[in-house]
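Here is a short note for your review. Please read the points with the model open.

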Amino acid sequence: MATDLLQFVLYVVALTALAWPLGLYMARVFSGERTWLTPVVRPVERGLLRACGLGAEPAGQHWSRYALAALAFNLAGWLVLYAVLRLQDVLPLNPQDLPRLTPDLAFNTAVSFVTNTNWQAYGGETTMSYLSQMVGLTVQNFVSAATGIAVAVAVVRGVVGRETRAIGNFWADLVRSILYLLLPLSIVFGLFLVWQGVPQNLDAYVEATTLEGVRQVIAQGPAAAQIAIKQLGTNGGGFFNANSAVPYENPTPLTNFVEMLAILLIPAAFPFLFGRMVKDMRQGVAIFAAMLVLFLGALALTYGSEIGGNPLLADLPVDQSAGSLEGKEVRFGTGNSALWATATTAASNGSVNAMHDSFKPLAMLAPMLQIQTGEVVFGGVGSGFYGMLAFVLLTVFLAGLMVGRTPEYLGKKIEAREVKLAVIAFLVMPLGVLGFGALAAAIPSAAASAPAAGPHGLSEILYAYSSATGNNGSAFAGFSANTVFHNTLLGIAMLLGRYVFIVPMLAVAGSLAAKKTVPASAGTFPTHTMLFVTLLVAVILIIGGLTFFPVLALGPIAEHVAMLAGQSF
Amino acid sequence: MSKTQDLSLLDPRIVRPALGAALRKLDPRVMARNPVMFVTEVVAALSSVLFLRDVAAGGGAPVLVGQIAAWLWFTVYFANVAEAMAEGRGKARADTLRATRTDTLVKRLLRPDDNALHENVSAEALETGDRILVEAGDLIPTDGEVVDGIASVDESAITGESAPVIRESGGDRSSVTGGTRVVSDAIVVRITARRGESFLDRMIALVEGAERQKTPNEVALNILLIGMTLIFLMVVATLEPFVVYSGAFVPVVFLVALLVTLIPTTIGGLLSAIGIAGMDRLVKANVVAKSGRAVEAAGDIDTLLLDKTGTITFGARRADAFHPLPGIAEADLAAAAWLASRADETPEGRSVLDYAAKMLPNGVVAGVEVAEEIAFSAQTRLSGADLADGTSLRKGAADAVIAWCGGSRSKPLDEIVERIARSGGTPLVVARDKRPLGVIHLKDIVKPGIRERFAELRRMGVRTVMITGDNPLTAAAIAAEAGVDDFLAEATPENKLELIRKEQAAGKLVAMCGDGSNDAPALAQADVGVAMNTGTPAAKEAGNLIDLDSDPTKLIEIVMVGKQLLISRGALTTFSIANDVAKYFAILPALFVTAYPGLGALNVMGLASPGSAILSAVIFNALVIIALIPLALRGVRYAPASAAELLRRNLLVYGLGGLVVPFVGIKAIDLLVSVLALA
């Protein structure tokens, strides 16, 4: 346990030490300042933008044009991916002759990767050809992450802007986030993974005969490249079905640690980017602190629950000194599994190195709640930050009135329009999780996808719909998602969770950018203090808690009290 | 309206009619304006139907369902009572105002320039531009401007000030208000507002809430409340299928109870009462707002422009020190100054007399016979006295007295005069028999307590700027003494306007007050412009608030009222949301305990039974509205402090209080419910 705690501390320290400078670097990139990569990348960037007929310095866009560009780009990406998946049997690079995907699965998968969810209703090695993985999925891993980053940067520009209509140019932001950030990081990280033993080839699957004489098929493929971006871009879609629990995805303790860092790296850098762009690092640090507090709380709940072992097994001859090991890789143990689960659900990553379905009730509650509060504890690349900003605006509005002024954040008044837009965004999680989840629970054929009964079955359904709406993508292993019903409804949930956040938040950015900035005074609501951090955390927990507490009481909490009473489901 | 009339919060004259009015407000068409309470009413109706069904079918638990339905109706009713009480207080004020608006005959001039020829017409028939003759004893029917004559006017009906004021044609004292009465002389008034459109009418409409439009922050808050209501609708509506999936059963009326306790009924029910009461507080301070927007903006003010004279200093300069020349005793100088000032009727002269009297035995110079008194005149700029013994005394502007002395100057005299002038004061020289005795230091006296007021404002983050026509030297001295943050010296209407624009360009909200016609552009430009009631019609038209007392210090009070209004809304919203935590712990275990007995662990309050838990939560939810009505009407306590301090204090009281209070309240009600065996 001491080594686990030591590792948690090491993790947080390393994350902060890496995220801070990365955030400052990102702020320079998106402000068009010179960085050490500029000499290499700038010519490529110019060339790309010119090739698209945009000129080397595209003009800033009104928020509506920015949103339209993002939506159009994502729609085009979806169409291409859908076509590739439906035609993979006739396209090249398919040594296993895998068949084409069914329409509903192709719809679900294409939506999933375009929305940066990477929910997988399929098993990677048994469904996807190499071409689908490389041209289809990996490309979306990059551009869906880049879309999130671009939108978040545009929202920050809205907060910074003074009486302007423009919040940046989507195409320029998209190109920059790929060229300056995602590609360089992925190349370095990918090479690191190859060095550690992750395969990167286009070979046919290898057949082997095990010691017991059983024939075993060992999947191959260009894994390292995809895994690098899957972690950095909070995508999480595994190259192989068992995701990061497979040695080919996550071979060593070092890869495990570095991959966990990669999951949260860019999301954790955003508060620092924010601090630099608003020219007040304290503001960024406050948001980072709020995220960290929530993260540590979730980690404590998950780890605390798991390390205690399972009381139902107490009478059996099972050694539980290392915690509850059901559904975990023994090489990772309780500490690394709990940390990974917390990180992957804090960020909307969704890659897993243990099966959340096997977690104890309270240990599954924490990841679920992190998703249900809208993926704002660091969150997805970009999306986590603009989601958090929505909560910041809500907090400022609620508490700001109490200081006797029209609530304002960093000099921008929060008025009816901003509140309306934020409220629209906040309606998405309840709709996707409760609305769609209730539908799934009410229709017997749909509810049958959850193999367990009672509260655990409810948790499985809830987790699936939370994961989709929150654009997380992780799953309870037991849930059979690949049905026409779930493929369709989860696909819609993913779309809502992505775009009904992006469009309102861009509109908020446009509205804020057009406003005057009120200079700070002693009468200004302070947003960099410990008190504000506490308040922000409380608002996130209370709003999230109030919305989901009843159904969580029927799910994980009921299961927990049942477990204490010696009952399992 | 008189200031003395101040209704106590629970005055039966207000409460009784409110109880009836609240019933009429149950009309769904009226309720639809308040979405949160509308949902509550729909749900109350639904549970009434469930109750009737249970009674008719003989199944279920009609006693419990009936009680829940009844308390849901009470919830809606109590919210209506709050609103009706706030309106009632306004109506009571309006009624006293309306008493002054009896229909009278007025003397309309047939020819604009002939005061003798007039006809008697009804006040209702007056059009703007008409000229009427108002004589002693007549009521001024509506707002207007004096175009001829001078009269003293009793404005106590509007301002509560009993001393009559002078109204005359031309200048800044030409405006008269409908509802006031001429007590001496006669004036010709040109009508500027038709009956029904005067300040009085506007004030009546305002306090009655008839013209009340939602203010920007209220609109934003309403949107948030609607959003929360939608979220909780989803929570409760989807709970049914989740419960069914879990193989349990929950009666519909329990779900309904959960919904009502979760949606923000507390703030939803009190929101409009808070708004109306805020206006009422302003009216009580004798300020008429042309819109609620201005009141709210007052809370946001960053920069306050204050006229020096009347606001920061007393109107006139006063004697503050005597500086005798070498070889002259101070008492000697005081005696000479006293004698020389007896014929000076100006406020400055009076102040010299007062100041000198303090240094004299018995406050007078005894045993001196005055042969001739020389009164102060603007031409000579000096006053004095020639005594029977041939001594002549003079006191006046330094250069005038020196000239009287034949131009004789001395270095000590020049030094004192210059020092006083440089400090922003006015030096008056006293001479006897053409020989200077010493200098009187006249200065602007800063009002006592104003410095502390500005310090308070600074802590609230409001910057104060003093506006004065003085030269920069004088202005700087007074600004330093009064403790304002900045000053504008040698102010003209143009540079005042420019200053406002500059502040606004930097994103600040500016408030100012003014009365003259030349203030009108600046009043119109300012975000909050307070016009003095004594001011010209142009100024009153340009401002968005009018102070009936014509007290420029009122601006500070208006800022406080604006802030208090916003804080009340924020505090009750926070309280309302924080309440939900306890309600969950009351209701959820009650709903689920049959399906999962282990969830009884969530019943941290140890409530007696599921039925009692739900009933107690519903009762608490209704009673808390009643309990908070006084707070909503009075506004939450507000002492000036920085935003950080205010936040800490209000969060502690309303945030933490909102978490804890319902745990205690619901438990107490539950005990009562079990004792009375209600559930």
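1. Is B:Cys405 buried or exposed? At 9% relative accessibility, B:Cys405 counts as buried. Buried means under 20% relative accessible area, exposed over 50%, and partly exposed in between (1.4 Å probe, protein chains only). A:Cys52 is at 55% relative accessibility, so A:Cys52 counts as exposed. Over all chains, the structure holds 0 disulfides, a disulfide being a pair of cysteine sulfur atoms within 2.5 Å.

2. A word on the basis. This is a predicted model, where local features need pLDDT of at least 70, side-chain atom pairs count only at pLDDT 80 or more, and totals for chains, interfaces and linings use all residues. Residues are numbered from 1 along each chain as its sequence is written, chains are lettered from A and ligands numbered from 1 in the order in which they are written, and side-chain values use heavy atoms, with hydrogens and water left out.

3. Look at A:Leu105. A:Leu105 sits in helix H4 (residues 103-114) of chain A. Helices (H or I, at least four residues) and strands (E, at least two) are DSSP runs, numbered from the N terminus. With 5% relative accessibility, A:Leu105 counts as buried. Leaving out residues up to four places away in sequence, A:Leu105 touches A:Ala121, A:Tyr122, A:Thr127, A:Asn482 and A:Asn487. Contact means heavy atoms within 4.5 Å. The C-alpha atoms of A:Leu105 and A:Thr488 are separated by 8.3 Å, with the two residues 383 apart along the chain.

4. Next, a helix pair in chain B. The axes of H7 (residues 216-245) and H8 (residues 252-262) of chain B come within 9 Å and cross at roughly 165°. Axes are lines fitted to C-alpha atoms, for helices over the stretch in contact, and angles run from 0 to 180 degrees between N-to-C directions. H7(B) is therefore roughly antiparallel to H8(B). Angles under 35 degrees count as roughly parallel, over 145 as roughly antiparallel, 65 to 115 as roughly perpendicular and the rest as oblique. From H7(B), B:Phe232, B:Leu233, B:Val236, B:Leu239 and B:Glu240 make the contact; from H8(B), B:Leu255, B:Leu258, B:Leu259 and B:Leu262 do. By class, this contact has 8 nonpolar, no polar and 1 charged residues. Ala, Val, Leu, Ile, Met, Phe, Trp, Tyr, Cys and Pro count as nonpolar, Asp, Glu, Lys and Arg as charged, and the others, Gly among them, as polar.

5. The axes of H11 (residues 333-346) and H12 (residues 361-372) of chain A come within 8 Å and cross at roughly 15°. H11(A) and H12(A) are therefore roughly parallel. A:Thr342, A:Thr345 and A:Ala346 of H11(A) meet A:Pro367, A:Gln370 and A:Ile371 of H12(A). By class, the contact has 3 nonpolar, 3 polar and no charged residues.
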